[in-house]
Amino acid sequence: MSSTQKFAIRSRTGLFTPDLAFETIVKKQMQKLKEPSLKCVDMVASELTSTIRKCSSKLSQYPHLREEMERIVTTHIRDREGKTKDQVMLLIDIELSYMNTNHEDFIGFANAQQRSSQMNKKKTAGNQVIRKGWLTINNIGIMKGGSKEYWFVLTAENLSWYKDDEVRM
């Protein structure tokens, strides 16, 4: 095995499936993006052309100007439609050419368990009660000079208050 092959194997560790199977599945899914992406470009171009026709109807008293304006703008839209489709295809081909499983946003098998335990710790910490007790609020709205007592529960994520010391969820 050459040194480059060894490097390629080491740079792709931590996946929960074999590399070849993973790449095959992902590439099939990426290929499925081509058709809807191109249809989206067609729909946008069609909608722009339709909008141009509606706008140019306001120029009905100037038929030559209306026709020329429609022709120029529609030609430009069709030209850009072709270039946009080329860019979409290029972007998908770029995404298909290399799958960076070492990127920080990619959760491989090794990182999945670590992130799961971190999330569980955060959830547990978020539900821990920091402080609870009676809170007196003075000068409430219409009750000038008055006060009202509330039972409060403060956690890392929120503050809740109740009319009595019975906590309701």
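Visitor: Let's start with Lys34: buried or exposed?
Guide: In this predicted model, Lys34 counts as buried, because its relative accessible area is 17%, which is under the 20% cut-off.

Visitor: Where does Lys34 sit, and which residues is it in contact with beyond its sequence neighbours?
Guide: Lys34 has its place in helix α3, and once neighbours within four places in sequence are set aside, Lys34 is in contact with Met89, Ile92 and Asp93.

Visitor: And what about Lys39, where is that found?
Guide: Lys39 is found in helix α3 as well, which covers residues 34-56, and Lys39 is partly exposed, with a relative accessible area of 46%. The C-alpha atom of Lys39 is separated by 9.4 Å from that of Lys85, although the two are 46 residues apart along the chain.

Visitor: Switching to α4, which residues are buried there?
Guide: In α4 the buried residues are Glu70, Thr74, Ile77, Glu81, Val88, Ile92 and Leu96.

Visitor: What span should helix α4 have?
Guide: Helix α4 runs over residues 63-97, and at 1.5 Å a residue its 35 residues should span 51 Å, which agrees with the 51 Å between its end C-alpha atoms.

Visitor: New topic: which residues form the nonpolar patch on the surface?
Guide: That patch is formed by Ile130, Leu154, Leu159 and Trp161, which together have about 420 Å² of accessible area. Among them, Leu154 lies in strand β2, residues 147-155, and is partly exposed, with a relative accessible area of 31%.

Conventions:
Residues numbered from 1 in each chain as written. Predicted model: local features only at pLDDT ≥ 70, side-chain atom pairs only at ≥ 80, totals over all residues. Heavy atoms only, no water. Helix = DSSP H or I, 4+ residues; strand = E, 2+ residues; numbered from the N terminus. Buried < 20%, exposed > 50% of the residue type's maximum accessible area, 1.4 Å probe, protein only. Contact = heavy atoms within 4.5 Å. Patch = residues over 30% accessible without salt bridge, like charges linked within 9 Å, V, L, I, M, F, W, Y side chains within 5 Å. Areas by Shrake-Rupley, 256 points an atom, 1.4 Å probe, with all protein chains shown as cover. Salt bridge = Lys/Arg side-chain N within 4 Å of Asp/Glu carboxyl O. Expected span 1.5 Å × (residues − 1).
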